Amino acid sequence: MLTLTLERGEIFGVVGQSGAGKSTLIRTINSLEQPDSGSVHVAGRDMTSLAGAELRQARHDIGMIFQHFNLLSSRTVRANVELSLEITGAGRSERRRRALEILELVGLQGKAAAYPAQLSGGQKQRVGIARALASNPTVLLSYEATSALDPETTRQILDLIRQLSKDLGLTVLLITHEMDVVKRICDSAAVMSEGRILEQGPVEKLLTTEKSLLGQALFPLGEIPETSGSVVEITFTGIPTDRPVIAQLARQHGLDVGILGAAVETIHGRQTGRTRLELPGDEGTVAAAVADLRSQGLFVEAIK
Amino acid sequence: MIDRNDPYFWADVLDTILKGAGETFYTVGVSLLLTIVFGLAVGVLLVTTEAGGLLAKPFGSRLLGIALNRVLDVLVNMGRSIPFIILMILLIPFTRLLVGSFIGPTAAIVPLTIAGVPFFARLVEIGIREVPTGLVEAAQSLGATRWTILTKVLVAEAVPALALGLSTTVVGLIGYSAMVGAVGGGGLGDVAFRYGYQRYSPEYMFGVVILLVLLVQLFQSLGNFAARRLSHR
């Protein structure tokens with residue numbers, strides 16, 4: 001049982017390990033699988049109540065891309081995109097025009113006559129995106145779409161999805177097991193495990209939420225070591241180069257601050273960092289130090 | 001007996017063999033067309049009526065799907081397990097009912113088709129099974145009808161495998177047609193049997209054999225060529 005609501009035009013990522021139920025979730029959105037109970041509404045339509053022609057009509061408004069691209073090997077790039085338009089019933093010249101137009105949009109002009117086997121993984125996924133978007137859907141479902149790609153290609157495909165989402169006003173639901181995907185393009189995210197949503201919300205909000213699983217997954221600082229002092233984690237959004245936060249903390253509170261770990265990630269194009277500090281000293285001193293940090297607008301989480 | 005001193009001897013050999021070849025083409029050609037139509041349908045149904053298949057629930061009934069799958073499977077196995085020479089004899093009453101006689105090239109079409117359909121159906125089944133299920137899912141996500149998925153995805157993607165299967169089937173049918181010929185079905189088999197065997201003429205026998213070998217080579221090469229040209233994997 002889970003509830004998930006996407007805002008129009010946002011990019012929503014669902015992360016979780018394999019077997020968490022991500023694939024079932026995404027496949028219920030366009031009714032490739034029927035939920036036992038509950039309902040799925042897409043753009044005002046209750047997908048679970050649709051069947052036959054109505055369901056096919058609704059699917060024209062929901063594009064889907066796949067981990068293994070699922071392109072027809074017997075068709076050229078252009079004909080693969082045109083399949084989508086053959087299904088919606090567009091005429092021959094309209095299909096051709098639209099296919100070439102959308103291929104240009106995904107950066108594949110000049111590849112229209114190639115067969116999928118002649119393309120690289122990234123190019124294949126671009127064809128997949130073009131096919132999914134040819135019928136002008138409002139929603140794009142991305143089913144581990146970058147999991148078979150190398151990091152550089154993944155980056156390019158994610159940037160393309162972000163760009164298309166912005167230009168076309170697409171709402172994107174993507175499922176992935178790669179944290180990098182969330183970092184790079186997701187406005188909101190949900191963490192899923194054993195068929196349940198453990199947490200969900202805007203990524204930046206989750207990062208400054210106590211005990212956030214997503215926060216921990218995005219900043220892997222490792223196990224908390226045995227220490228005598230207290231341990232806190234500070235999350236910065238935008239690196240405060242003009243303020244020597246830790247040096248000031250040590251000086252003003254007379255604390256021998258120890259740095260146990262730190263990570264900096266680019267999240268949504270912003271440098272975001274998390275530092276794990278050891279604060280030796282009595283409770284009062286530590287509490288004052290934490291309050292001081294918070295007063296500077298930093299997100300501080302007391303770990304122990 | 002044959003007379004090798006007859007000045008028209010070689011012309012007769014050629015005439016007889018060409019006439020036989022014509023009959024063989026007719027018999028094999030017609031049964032091949034029927035085999036393609038029915039074999040394709042049976043092969044596609046064998047795959048798609050399985051659990052989770054595209055036609056797992058024809059007319060909304062899974063029971064019908066299961067029944068269709070089982071019946072076709074048993075029929076195909078029966079057709080494949082009965083040796084052709086016996087099938088031919090078994091089918092005599094049926095052929096007579098259908099064509100009015102069990103002798104002649106037209107009558108030979110009946111057992112050839114009945115042996116060809118299960119053979120080709122299994123090859124179609126293998127070809128269709130090789131199409132990745134992800135392609136079907138992608139087409140479904142685009143809102144395709146079952147007919148579109150069947151024709152534009154399953155069959156279209158299996159075409160190279162089907163071309164190979166077809167050439168194998170043609171070769172099989174040519175072989176069977178020679179057997180039908182020996183019991184009155186006409187064609188090259190008839191020539192080889194009556195002139196080559198019964199009248200002790202190696203000229204006829206080798207003429208027929210050479211022609212058959214050439215034909216088989218030709219059709220197999222055509223099939224391989226087509227499969228290579230059609231495959232873009």
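A salt bridge here is a side-chain nitrogen of Lys or Arg within 4 Å of a carboxyl oxygen of Asp or Glu. By that rule the structure holds 28 salt bridges over all chains. This is a predicted model, where local features need pLDDT of at least 70, side-chain atom pairs count only at pLDDT 80 or more, and totals for chains, interfaces and linings use all residues. Residues are numbered from 1 along each chain as its sequence is written, chains are lettered from A and ligands numbered from 1 in the order in which they are written, and side-chain values use heavy atoms, with hydrogens and water left out.

**View 1. Chain A as a whole.**
Chain A carries 11 helices and 12 strands (helices are DSSP runs of H or I with at least four residues, strands are E runs of at least two, both numbered from the N terminus). Its C-alpha trace spans about 75 × 45 × 30 Å along the principal axes. Of the 304 residues in chain A, 50% are buried (buried is under 20% relative accessible area, exposed is over 50%, and partly exposed is in between, using a 1.4 Å probe and protein chains only). Take the contacts in chain A with a separation of 6 or more: residues 24 or more positions apart account for 71% of them (contact means heavy atoms within 4.5 Å). Chain A exposes about 14,100 Å², and carbon and sulfur atoms supply 47% of that (areas come from the Shrake-Rupley method with a 1.4 Å probe; for residues, only the protein chains shown count as cover).

**View 2. Chain B as a whole.**
Chain B has 9 helices and 0 strands, so to speak an α-α-α-α-α-α-α-α-α run from the N terminus on. The C-alpha trace of chain B spans about 75 × 40 × 25 Å along its principal axes. Buried residues make up 45% of the 233 residues in chain B. Among contacts in chain B with a separation of 6 or more, 72% come from residues 24 or more positions apart. The accessible surface of chain B is about 12,000 Å², with 70% of it belonging to carbon and sulfur atoms.

**View 3. Where chain A meets chain B.**
The contact draws on 23 residues from chain A and 18 residues from chain B. About 1,900 Å² is buried between the two chains, and carbon and sulfur atoms give 60% of it (buried area is the accessible area, 1.4 Å probe, that two parts lose on being put together, summed over both). The rule also finds 7 residue pairs in polar contact across the interface, both residues at pLDDT 80 or more (that is a pair of N or O atoms within 3.5 Å; within protein, one must be able to donate a hydrogen and the other to accept it, and residues adjacent in sequence count only if both atoms are side-chain atoms). On the chain A side, helix 2 (52-59), strand 4 (62-66) and helix 3 (77-88) are the elements that give two or more residues. Helix 3 gives the most, with 4 residues. By class, this side of chain A has 11 nonpolar, 6 polar and 6 charged residues (Ala, Val, Leu, Ile, Met, Phe, Trp, Tyr, Cys and Pro count as nonpolar, Asp, Glu, Lys and Arg as charged, and the others, Gly among them, as polar).

**View 4. Salt bridges across the interface.**
The rule finds 2 salt bridges between chain A and chain B. In one, A:Arg27 pairs with B:Glu137, with the closest N and O atoms 2.2 Å apart. A:Arg27 also meets A:Glu33 in a salt bridge (2.6 Å, N to O). A:Arg27 is buried, at a relative accessible area of 15%, whereas A:Glu33 is partly exposed at 29%. A:Glu86 and B:Lys152 form a salt bridge too (2.7 Å, N to O). This pair crosses from helix 3 of chain A to helix 7 (residues 146-185) of chain B. B:Lys152 counts as partly exposed, with 29% relative accessible area.

**View 5. A:Glu210 with A:Arg294.**
These two side chains meet in a salt bridge (3.9 Å, N to O). A:Glu210 sits in the loop between helix 8 (203-207) and helix 9 (213-218) of chain A and A:Arg294 in helix 11 (residues 283-295), so the pair ties together parts 84 residues apart in sequence. A:Glu210 is partly exposed at 42% relative accessibility, and A:Arg294 is partly exposed with a relative accessible area of 42%.

**View 6. Around A:Ser188.**A:Ser188 lies in strand 7 (residues 188-193) of chain A and is buried, at 7% relative accessibility. Beyond neighbours within four places in sequence, its contacts include A:Phe12 and A:Pro202.
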